[in-house]
Amino acid sequence: MTLAIVLAADPAAGHLTEPGRPAGEPLTERLAAQWRRAGADDVRIAADLTELADLVAAATGPVLVSGADLVAHTAVLKHLATSPVGPTVALVLTDPPAPGQATVREERGQVVEVDAADASGVFGGALRVGPADLPALADAARRAAGTAPDAPDARLTDPASAPGVGATDGGPRNAVDRLVADLAARGTLIFAQRVRLLVAHRVGDEAQRAAAEAAVAAVDEDRAELKLSVKERDDFFTTFFVSTWSPYVTKAAARIGIGPTGVTMVSVAFAVAAAVLFGVGGRPALVAGAVLLYLGFVLDCVDGQLARYTRHFSAWGGWLDTMADRFKEYVVYAGLGFGATHAGFRYGWALALAAMTLQTVRHMTDTWYGALHDEAARRPKVVTADAGGIGGKLNAASTRVQADTGSVSYWLKRTVVFPIGERWALIAIAAALFGPLVALVAVLVWGALAFAYTGGLRTLRARWMRVPVMATVDAGLHRDDGLLARTLPTTRRPLLLAVLGALGAAGTLVWALLAVHGGGDLPVWVPVLALVLLLGAAQASRAPHDGSLDWLVPAALRAAEYLFAIAVGVAGRAPAWLIFGYVLVLTLHHYDLTARLEKRQSAPPLHAATLGWPGRSLLLAIGLIAGYASIALATLGAYLLVVFVASVVLAWVVLPARARGGVRSPG
């Protein structure tokens, strides 16, 4: 149940009036009614911070808090209440701050500092606090009210004297601003909810209220919400060739009652159909496949736009969208690989495998670099000796380019990294005009260049930031080590060992390719040596991953496992489609882990049953040495797929149903 609290303790609450009501009647009732329309299950008006603390202490679900000086569209409050970015979210405005209002500095969508010298916005007077942060909110309210039992006397009599809680101009701090300042000072992870196209203002007198009400009335709320369903910053192809007309599809889907999950499923069907047509070959089939691929990508954008337009967000929907995107792309690679092979190119499946492996490793580095950047943003800025070095200069240059929205350099930067829109556009155009082989080669070449570009720049910037990001998460879980790794001795060089393991796997693959091409067999000692290197990488499972480049470890381990599995398949002369299928199952498992990392969720229910990458590699090596590589790949792949499906059912159907006391699909 969601509780909304309107705090009547702010200075504005007592003297602003609602149009058409008796003079002197406070505006708290207007906000209370808006919170009800925004979806709050229970709405209360708290006279002061002490009453607010008592209400928060008794709450079991998310709590919405606002002062009485906020004039905004109801949609603004609804967006805050339903924001999917995180459990605790603060409204952030671009208005100039008034006395007593908190300014904020945000990076990568997070409020990283309150009352910063380089503030990027002003706190909007409303926030949503997730259940895990409710004790901190209650304590912050008691401290600000002067009733915290363990607070120093100075803070009891003057809450503004607490570090990070005082007003910037020395004046009295508005009550709700004290709360967000205290939460930020405690290190609470607070995400920022910016207001765009809609209207929200904090007002201090009747003239400001009248102006804000007029601004609210001047905006068509539904039309603005439809525009807001499109991402503010997207890639070049998506912005100019999809988002120009996809909102019309979004509006139509909302009218006929199709949900985001239904749109996702239709998008998957289009991608699978495109893959089949790419495999069939022939110009008509290739052109039809390209059209279906484009339409499937449009629907891939529509499902997110529909979720934002209807405010129907769910953890299941976000997870499904992530997994569906990867499945669709890799199924298309499979269709291209089959089509290239069918057209007479011997290594069509090999190119498809290379494209899938490269893209997955790229995504692993994207996820971990994002975690690195988020951790750096939450830490105090420290001037280091190399602040003016190449890493610092690259960081400053990147910030300038990102801020110059719409410029040539901005679009070049967003395009060169080869995002999903550009990948699908390249595949569709290349396949329609030149065929599956050219499409795969084009994806590999651009993908490799993008990987080199982003990897090089991020490595330099990471060394400059010097943030031990992996020390803040469960490294053993997200390395996907398993029981075998935890039984090995621990060493303290995770990156070095991971790179050695990847090189050993790559060397084994090259040796296997040469041996098979020459008509011979792979010597037994080659996979054994590679396995030893892989298990050496597993020895760093429990070591602290606190190096500036340790964010590269998971990607190196993914590359090592995939390359070793491919080498086993090649050396054992397994069918190419079987090798592709096995690696595809592995990627689904690993994307499940990365999706959970991004949301800071716990491990999948059956994660222990996946054996970990060292255990899986050991079983494949035994199968190769015994002469049953194909059987090992097929059996282990089928087992992992069953475990993955069972884990999904447990995580999204069975366990939530038990928590609700009934059985219902996640739909």
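What share of the contacts in the chain with a separation of 6 or more comes from residues 24 or more positions apart? The figure is 80%, where contact means heavy atoms within 4.5 Å. Keep in mind that this is a predicted model, where local features need pLDDT of at least 70 and side-chain atom pairs count only at pLDDT 80 or more, while totals for chains, interfaces and linings use all residues. Residues are numbered from 1 along each chain as its sequence is written, and side-chain values use heavy atoms, with hydrogens and water left out.

The chain has 26 helices and 10 strands; these are DSSP runs numbered from the N terminus, with helices being H or I of at least four residues and strands E of at least two. Of the 667 residues in the chain, 53% are buried. Buried here is under 20% relative accessible area, exposed is over 50%, and partly exposed lies in between (1.4 Å probe, protein chains only).

**Two helix pairs**

Two packed helices are described by the angle between their axes and the distance between the axes. The axes are lines fitted to C-alpha atoms, for helices over the stretch in contact, and the angles run from 0 to 180 degrees between N-to-C directions. Here are two pairs side by side:

| Helix pair | Angle | Axis distance |
|---|---|---|
| α22 (residues 525-538) and α23 (residues 553-571) | about 160 degrees | 11 Å |
| α3 (residues 74-82) and α8 (residues 221-228) | about 35 degrees | 10 Å |

Take the α22 and α23 pair: with an angle of about 160 degrees, α22 and α23 are therefore roughly antiparallel to each other. On this scale, angles under 35 degrees count as roughly parallel, over 145 as roughly antiparallel, 65 to 115 as roughly perpendicular and the rest as oblique. The crossing of α22 and α23 is left-handed, that is, the near helix is turned anticlockwise from the far one by less than a right angle (clockwise would be right-handed). On the α22 side the contact uses P527, A530, L531, L534 and A537, and α23 brings L557, A560 and F564. By class, that contact has eight nonpolar residues, no polar and no charged ones. The classes work like this: Ala, Val, Leu, Ile, Met, Phe, Trp, Tyr, Cys and Pro count as nonpolar, Asp, Glu, Lys and Arg as charged, and the others, Gly among them, as polar.

The α3 and α8 pair packs at about 35 degrees. Its contact is made by T74, A75 and H79 of α3 with E221, E225 and L228 of α8, which sorts into two nonpolar, two polar and two charged residues. Helix α3 is mostly covered, with seven of its nine residues buried: T74, A75, V76, L77, H79, L80 and A81.

**The cores**

Which residues touch the most other members of the largest nonpolar core? They are F278, W319, Y333, F580 and Y582, in a core of 117 residues. A nonpolar core is a set of buried Ala, Val, Leu, Ile, Met, Phe, Trp, Tyr and Cys residues joined through side-chain atoms within 4.5 Å. Helix α23 gives the most to this core, with 15 residues. Leaving aside neighbours within four places in sequence, Y333 is in contact with A352, A355, M356, Q359, R423, I427, L440, V443 and F580. A second, separate core has 37 residues, including L3, I5, A53 and V63.

**Some buried helix residues**

A621 sits in helix α25 (residues 612-626) and is buried, with a relative accessible area of 3%. Not counting residues up to four places away in sequence, A621 touches L531 and F564, both of which also take part in the contact of α22 with α23. The C-alpha atoms of A621 and V568 are 7.0 Å apart, although 53 residues separate them along the chain.

S647, in helix α26 (residues 629-660), counts as buried at 6% relative accessibility. Beyond residues up to four places away in sequence, S647 touches P604, P605 and L606. T587, in helix α24 (residues 576-598), is buried with a relative accessible area of 1%. Apart from neighbours within four places in sequence, T587 is in contact with Y330, M356, T360 and Y562.

D115 has a positive phi of about 60 degrees although it is not a glycine; its place is the loop between β7 (110-114) and β8 (121-129). D480 has a positive phi too, near 65 degrees, and lies in the loop between α19 (475-479) and α20 (482-487). At 0% relative accessibility, D480 counts as buried.
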